[in-house]
Amino acid sequence: MFALSLIAAGLTAASTVTAFPAANLARDAAVGPWCDGLGAGAFDDVSHVTLAALNTTLPNANSTGTPLVLATGGAFAGIEIRRFGTWASFGANDYPSFSLVNGTIVLNDGPKPARAVQVQDASELSFVTSTNGSPINPLDGAQIYCGVANPDPTGYATLAVNGDADSFSICRETYQQVVIYKAAADRNEACYPVKLQIIPSN
Ligand SMILES: *[C@@H]1O[C@H](CO)[C@@H](O)[C@H](O)[C@H]1NC(C)=O
Ligand SMILES: *[C@@H]1O[C@H](CO)[C@@H](O)[C@H](O)[C@H]1NC(C)=O
Ligand SMILES: *[C@@H]1O[C@H](CO)[C@@H](O)[C@H](O)[C@H]1NC(C)=O
């Protein structure tokens with residue numbers, strides 16, 4: 001029963017993707033420079049999706065990948081950081097989906113508005129929220145994200161940052177497993193390489 005329902009879930013996911021035009025059709029609307037070099041099917045607008053991390057060197061439990069959520073990354077003067085990490089290590093999911101809007105990521109339906117920040121090498125994919133009442137406009141986020149179409153029409157599109165979809169890892173940071181862009185080579189023992197699959201959400 002359990003195995004059957006997993007298979008059913010997989011089939012549903014695959015057929016959703018086939019019917020997911022943003023992921024698989026070349027767009028006639030112009031995409032921004034944050035999609036430069038990412039192919040004809042690159043897109044910088046898509047509504048209500050989530051991410052799952054698929055190992056590129058290690059075995060995977062399935063073809064979807066391990067679900068990602070917005071883990072907490074610490075609080076500083078007036079702001080709190082959120083960053084993509086695995087659901088398995090963080091154990092909560094208070095931003096159930098996000099949308100890609102003109103090259104930035106807008107987190108949907110969470111406790112507070114969040115704004116994407118620039119992503120440097122060896123750092124997390126981060127967002128800031130306000131803890132002192134100063135307003136945060138998600139649409140003012142860094143315009144650095146782009147979706148890359150999958151040449152296999154039954155496969156998932158992937159996320160790129162800074163024009164690069166091939167440099168993500170999951171790394172251990174205290175008890176969390178978080179996404180790192182261009183992880184430093186000396187952290188290899190704490191990290192494994194992944195691609196970030198864009199999964200349609202309801
Ligand atoms: C990827 O590999 C890691 C480390 O072995 C494992 O914990 C994780 O579950 C794997 N991911 C998937 C989607 O199977
Ligand atoms: C895929 O495997 C991961 C473990 O790596 C699990 O958390 C996730 O629920 C699985 N997804 C599906 C669709 O079976
Ligand atoms: C997308 O972002 C660019 C650059 O910031 C801006 O010029 C343009 O007006 C934006 N497009 C939309 C539809 O918001």
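A polar contact is a pair of N or O atoms within 3.5 Å; within protein, one must be able to donate a hydrogen and the other to accept it, and residues adjacent in sequence count only if both atoms are side-chain atoms. The model is predicted: local features need pLDDT of at least 70, side-chain atom pairs pLDDT 80 or more, while totals for chains, interfaces and linings use all residues. Residues are numbered from 1 along each chain as written, chains are lettered from A and ligands numbered from 1 in written order, and side-chain values use heavy atoms, without hydrogens and water.

**View 1. Surroundings of ligand 1.** An oxygen atom of ligand 1 is 2.7 Å from a polar backbone atom of A61. A polar side-chain atom of N55 lies 2.4 Å from a ligand 1 oxygen. The residues around ligand 1 (a heavy atom within 4 Å) are A53, N55, L58, P59, N60, A61, G65, T66 and Y192. The protein buries 62% of the 360 Å² that ligand 1 exposes alone (Shrake-Rupley method, 1.4 Å probe).

**View 2. Q197 in strand β13.** Strand β13 spans residues 191–200 and contains Q197 (strands are DSSP E runs of at least two residues, numbered from the N terminus). Q197 counts as buried because its relative accessibility is 4% (buried means under 20%, 1.4 Å probe, protein chains only). Its side chain reaches the backbone oxygen of S63 at 2.9 Å.

**View 3. Surroundings of ligand 3.** W34, N102 and Q143 surround ligand 3. A polar side-chain atom of N102 lies 2.4 Å from a ligand 3 oxygen. For an N or O atom in the Q143 side chain, the distance to an oxygen of ligand 3 is 2.8 Å. The protein covers 25% of the 360 Å² of accessible area that ligand 3 has on its own.

Conventions. Helix = DSSP H or I, 4+ residues; strand = E, 2+ residues; numbered from the N terminus. Buried < 20%, exposed > 50% of the residue type's maximum accessible area, 1.4 Å probe, protein only.
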